[in-house]
Amino acid sequence: MIFKLNGSLILSLYPRGELAKDARIPRTPPASGEFSVGHIVGERSEVDALLAQAQEAGATPTDEAHERPWGIYSGYFRDPDGHLWEIIWNPRHVPPPSSVN
């Protein structure tokens, strides 16, 4: 289920088992606060660059970037606090320019 929020934010909900399978992480017993954070980038090459940058900063890759069956290119990592992130390039979605410099 996908919800479009204010601005360019999107909330996607899907089963825990499917997230574990997609991110190539073990399925664990349910726990509060369990989710992944998706970050959409404007260019395919940014996925690889951000995954490398995250790893250099101490993140642990869980699934290298690759084409997903539904048409996106993405990869996953866990940040040093254990949060799961997906970096995504979707050729059908171009995010607005960043206001952060």
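Visitor: How many salt bridges does the structure hold?

Guide: The count is 4. The term needs a side-chain nitrogen of Lys or Arg within 4 Å of a carboxyl oxygen of Asp or Glu. This is a predicted model, so local features need pLDDT of at least 70 and side-chain atom pairs pLDDT 80 or more, while totals for chains, interfaces and linings use all residues. Residues are numbered from 1 along each chain as its sequence is written, and side-chain values use heavy atoms, without hydrogens and water.

Visitor: What makes Arg68 and Asp22 a salt bridge?

Guide: Their N to O distance is 2.9 Å. The limit is 4 Å, so the pair qualifies.

Visitor: Where do Arg68 and Asp22 sit in the chain?

Guide: Arg68 is in the loop between β4 (60-67) and β5 (73-78), and Asp22 is in helix α1. They are 46 residues apart, and the pair links distant parts of the chain. Helices are DSSP runs of H or I with at least four residues; strands are E runs of at least two, and both are numbered from the N terminus.

Visitor: How do you know whether Arg68 is buried or exposed?

Guide: Its relative accessibility is 5%. Buried means under 20%, exposed over 50%, and partly exposed in between (1.4 Å probe, protein chains only). Arg68 therefore counts as buried. Asp22, at 11%, is buried too.

Visitor: Which other salt bridge does Arg68 make with Asp63, and at what distance?

Guide: The two side chains meet at 3.0 Å, N to O. Both Arg68 and Asp63 are buried. Asp22, Arg24, Asp63 and Arg68 are linked in a network of salt bridges.

Visitor: What stands out about phi of Arg24?

Guide: Phi is near 55 degrees, a positive value in a residue other than glycine. Arg24 lies in the loop between α1 (16-23) and β3 (36-41). At 60% relative accessible area, Arg24 is exposed.

Visitor: What does the salt bridge of Arg44 and Glu67 tie together?

Guide: Their closest N and O atoms are 2.1 Å apart. Arg44 lies in helix α2 and Glu67 in strand β4, so the pair joins parts 23 residues apart in sequence. Arg44 has 34% relative accessible area, which makes it partly exposed. Glu67 is partly exposed as well, at 45%.

Visitor: Which residues of α2 are buried?

Guide: Val47, Leu51 and Ala54 are.

Visitor: What makes the nonpolar surface patch?

Guide: Met1, Phe3, Leu5, Leu9, Leu11 and Leu13 make it, with about 600 Å². Patch members have over 30% relative accessible area and no salt bridge; nonpolar side chains are joined within 5 Å, like charges within 9 Å. Areas come from the Shrake-Rupley method with a 1.4 Å probe. Leu9, in the loop between β1 (2-4) and β2 (10-12), is exposed at 56%.
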